[in-house]
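Here's a quick tour of one structure, taken a region at a time. Have the sequence and the 3D view open as you read.

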Amino acid sequence: MARTTGCALLAGLAALVAVVSTAIFLGVGGTDVAARAGRGAMAAGSAHTAVPAAAGSWVGTWSASPVAGEPSTADGYPGWSIRNVVRTSVGGTWVRVHLSNTFGSAPLVVAHATVARSAGTGGAAAAGGTMRVLTFAQRGSVTIPAGGAVVSDPVRLAVPQRADLLVTTYAALPSGPVTYHPNARQISFMARGERTAEVSGVSYTTRTLFWRYVSAVDVLGSHAAGAVVFFGDSITDGLTSTVGANHRWPDYLADGLMASGDRRLRLGVLNQGISGNGVLRGGPEGGPSALVRLDRDALSQTGARTMVVELGINDIIRPPRATGARAVIAGLRQIVARGHARGMRVIGGTLLPFEGHGAAYNPVTEAVRQQVNAAIRAGTVYDAVIDFDKALRDPYRPTRMRAAYDSGDHLHPSDAGYRRMAEAARPVLLGGTAAAKA
């Protein structure tokens with residue numbers, strides 16, 4: 001493949017060219033954010049136009065891919081307040097929220113919406129003095145067409161790095177299926193009635209493991225160097241990680257970057273994993289295939305100039321298990337080519353071992369995995385490679401995951417395994433600049 005031409009080196013940060021040169025995005029000037037707030041609301045697919053501010057740039061701090069319409073929600077949740085708990089990566093002084101009706105069959109009328117910092121109790125309570133009403137084109141309500149999405153106007157809120165935010169929506173009217181992300185590994189909350197501005201959270205007695213409607217949160221500030229989008233399947237989604245602990249492998253990576261104390265390493269970490277997703281394969285449970293959702297979920301994320309791909313195993317092991325290595329490799333190369341066309345550096349991971357994962361493992365599927373990994377390691381797919389297979393496999397039986405890193409299903413890592421993935425990824429993320437070989 002041709003070397004990426006859209007990402008220039010940033011002078012003075014040579015030690016971090018792999019990240020910074022691919023993650024820096026345009027700054028904005030001006031001072032009157034509030035007066036211009038109405039320009040922040042945008043329909044899905046439109047350009048991410050930053051609202052002027054004193055200093056800094058917009059960057060994504062959290063995201064989750066819309067997966068499907070939630071089953072048994074033909075009318076949505078009229079009369080319910082939905083309080084989503086989301087974890088930031090980088091901080092800022094202003095915030096805006098993306099809401100999605102991607103899988104709705106009718107317009108969604110969001111009558112009220114708020115954002116606040118969590119009180120940090122693990123519940124639905126907001127920190128005092130942080131509740132902010134969200135507006136859309138300076139209106140308190142917004143109608144999102146079926147298949148569409150919007151971005152709120154910016155609101156001033158001090159958003160810490162690696163902290164929980166509460167994003168709450170209320171719809172009074174029936175709206176059709178709820179666009180959701182089912183494997184959040186995070187406890188969120190619901191309450192009957194219009195409770196969007198409730199600080200105490202006492203009305204939020206219904207717990208849920210889904211994220212609904214909210215698909216991303218951006219912050220404006222001068223401390224972030226950019227964002228990295230992680231595009232993957234259940235392993236990136238963190239399917240077997242501890243609920244509420246933020247132990248997905250991108251979370252561990254975000255913790256390490258922030259703990260370094262180096263301002264140049266403050267990168268937005270955007271998790272666009274979908275459990276069951278494949279390069280070529282999609283479905284009701286796994287969302288649209290990676291090639292179908294690539295533009296929406298990865299290439300359009302705010303401030304992202306680097307993409308890390310962890311995909312391919314579901315194409316090999318999910319019934320009817322008929323996808324060969326050539327098709328998977330060709331699909332991965334398409335992802336890389338489309339990323340390059342957007343000026344992104346694309347890093348990819350080898351596929352983890354899965355011997356013991358029921359009928360999915362057999363000599364044929366293992367041979368396909370080995371062929372895909374050989375192409376990845378040869379440098380003919382990605383610009384740089386994270387060898388997840390080598391990092392997590394049992395050295396005495398390399399077709400199996402090492403027991404300490406295995407969640408028990410012999411396919412998905414444990415929390416320790418996710419931490420090991422982050423450890424393997426960090427030096428590659430900060431490493432060389434070579435593009436994939438032709």
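Helix 3 packs its buried residues against quite a list of neighbours: strand 17 (226–232), helix 2 (234–237), strand 18 (267–273), strand 19 (304–310), helix 8 (388–392) and helix 9 (415–429). Keep in mind that this is a predicted model.

Helix 3 itself spans residues 249–259 and is mostly covered, with 8 of its 11 residues buried. If you want to pick them out on screen, look for Trp-249, Pro-250, Asp-251, Tyr-252, Leu-253, Ala-254, Leu-257 and Met-258. After the helix comes Gly-261, which has a positive phi, near 80°.

Now for the strands. Strand 16 (residues 214–221) is mostly covered too: 8 of its 8 residues are buried. Strand 16 has an antiparallel partner in strand 1 (residues 57–63), and 6 bridges join the two. Within that pairing, Trp-62 sits opposite Val-217 of strand 16. Strand 4 (residues 92–100) also pairs with strand 16, again antiparallel and over 6 bridges. There, Leu-99 has Val-214 of strand 16 as its bridge partner.

Elsewhere you'll find an open sheet of 6 strands, paired antiparallel in the order 7-6-11-3-13-14. Its edges are strand 7 (132–133) and strand 14 (206–208), each of which pairs on one side only. Inside that order, strand 3 (residues 80–87) and strand 13 make an antiparallel pair with 4 bridges. Trp-80 is the residue standing opposite Arg-192 of strand 13.

Here are the strand pairs side by side:

| Strand pair | Sense | Bridges |
|---|---|---|
| Strand 1 and strand 16 | antiparallel | 6 bridges |
| Strand 4 and strand 16 | antiparallel | 6 bridges |
| Strand 3 and strand 13 | antiparallel | 4 bridges |

One loop residue deserves a look as well. Gln-186 lies in the loop between strand 12 (179–181) and strand 13 (188–192). Is Gln-186 buried or exposed? Gln-186 counts as buried because its relative accessibility is 8%, and the cut-off for buried is under 20%. So what does Gln-186 touch, leaving aside residues up to four places away in sequence? The contacts are Val-85, Thr-208, Leu-209, Trp-211, Val-243, Gly-244, Asn-246 and Arg-248.

Note on methods: Residues are numbered from 1 along each chain as its sequence is written. This is a predicted model: local features need pLDDT of at least 70, side-chain atom pairs count only at pLDDT 80 or more; totals for chains, interfaces and linings use all residues. Side-chain values use heavy atoms; hydrogens and water are left out. Buried means under 20% relative accessible area, exposed over 50%, partly exposed in between (1.4 Å probe, protein chains only). Contact means heavy atoms within 4.5 Å. Two strands pair if DSSP finds at least two bridges between them.
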